[in-house]
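Reader: Could you take me through one part of this model up close, in plain words? I'd like to see how a single side chain sits among its surroundings, and then what lies around it.

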Amino acid sequence: MILVAVDFSPPSAAELLWAARMAEAAGASLMVLHVVHDPEAAPGYYRAKKHGKYVRRLEDAAAEMLETFVNTVAEEHPDIDAIKGADRRLEVGLPVNRVLEVAAETGASLIVVGSHGRSGFTHAWLGSKAERIARQAPVPVTIVKVPPEPPETGTFTLPLIPGV
């Protein structure tokens with residue numbers, strides 16, 4: 001099983017595409033994971049954009065966003081069956097810890113995460129979540145770095161898989 005962690009950002013779509021193509025090439029199942037980080041400063045509630053001032057629990061809003069995100073990527077890439085058949089999972093906690101825990105619990109053979117490309121003081125001080133996952137994971141981790149201009153449909157390649 002390939003575990004891909006997403007945060008609904010545009011780079012996350014590239015992560016999901018990479019993971020789905022890898023899953024199809026390897027004959028593996030796919031799980032899409034989103035971790036709701038619930039900091040003490042925002043104890044569990046978000047304003048949902050489409051509901052105006054209506055306040056919703058973080059988990060409820062995130063669950064809807066996860067379904068919408070995966071379904072949108074699947075609709076944009078109907079040729080990739082692994083996205084349509086992917087398991088979806090929502091967790092609450094610290095993203096790095098939860099990704100590692102879910103990977104261990106589910107027996108993932110690969111974790112796919114993205115890189116936002118942060119640099120400078122923040123990166124030097126904290127490191128990236130992707131780097132922390134890669135350092136601590138008991139299985140291989142692929143970090144998908146999105147090019148400035150995403151490739152056109154049909155031009156996406158997996159350079160590490162011969163013949164794909």
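Author: Happy to! Arg-89 counts as buried, because its relative accessibility is 17% and the cut-off for buried is under 20%. Please keep in mind that this is a predicted model. Arg-89 belongs to strand S5, which runs over residues 87-92.

Let's look at what the side chain of Arg-89 does. Another, at 2.8 Å, joins the side chains of Arg-89 and Glu-105. Leaving aside residues up to four places away in sequence, Arg-89 touches Met-31, Val-32, Leu-33, His-34, Leu-66, Val-102, Glu-105 and Thr-106.

Helix H4 covers residues 95-106, and its 12 residues reach 16 Å from the first C-alpha to the last, close to the 16 Å expected. After H4 comes Gly-107, with a positive phi near 70°. The buried residues of H4 are Pro-95, Val-96, Arg-98, Val-99, Leu-100, Val-102 and Ala-103. Val-102 is also one of the residues that Arg-89 touches. Among the elements covering the buried residues of H4 are strands S1, S2, S5 and S6, together with helix H6.

The axes of H4 and H6 (residues 129-136) come within 9 Å and cross at roughly 40°, and the crossing is right-handed. On the H4 side, the contact is made by Pro-95, Val-96, Val-99 and Leu-100, while H6 brings Lys-129, Arg-132, Ile-133 and Gln-136. Sorted by class, this contact has 5 nonpolar, 1 polar and 2 charged residues.

Leu-66, which Arg-89 touches, is among the buried residues of helix H2, as are Leu-58, Ala-61, Ala-62, Phe-69, Val-70, Val-73 and Ala-74. H2 takes in residues 58-76, and its end C-alpha atoms are 27 Å apart, which agrees with the 27 Å that its 19 residues should span at 1.5 Å a residue.

Terms used: Residues are numbered from 1 along each chain as its sequence is written. This is a predicted model: local features need pLDDT of at least 70, side-chain atom pairs count only at pLDDT 80 or more; totals for chains, interfaces and linings use all residues. Side-chain values use heavy atoms; hydrogens and water are left out. Axes are lines fitted to C-alpha atoms, for helices over the stretch in contact, and angles run from 0 to 180 degrees between N-to-C directions. Helices (H or I, at least four residues) and strands (E, at least two) are DSSP runs, numbered from the N terminus. A crossing is left-handed if the near helix is turned anticlockwise from the far one by less than a right angle, and right-handed if clockwise. Contact means heavy atoms within 4.5 Å. Ala, Val, Leu, Ile, Met, Phe, Trp, Tyr, Cys and Pro count as nonpolar, Asp, Glu, Lys and Arg as charged, and the others, Gly among them, as polar. The expected span of a helix is 1.5 Å times one less than its number of residues. Buried means under 20% relative accessible area, exposed over 50%, partly exposed in between (1.4 Å probe, protein chains only). A polar contact is a pair of N or O atoms within 3.5 Å; within protein, one must be able to donate a hydrogen and the other to accept it, and residues adjacent in sequence count only if both atoms are side-chain atoms.
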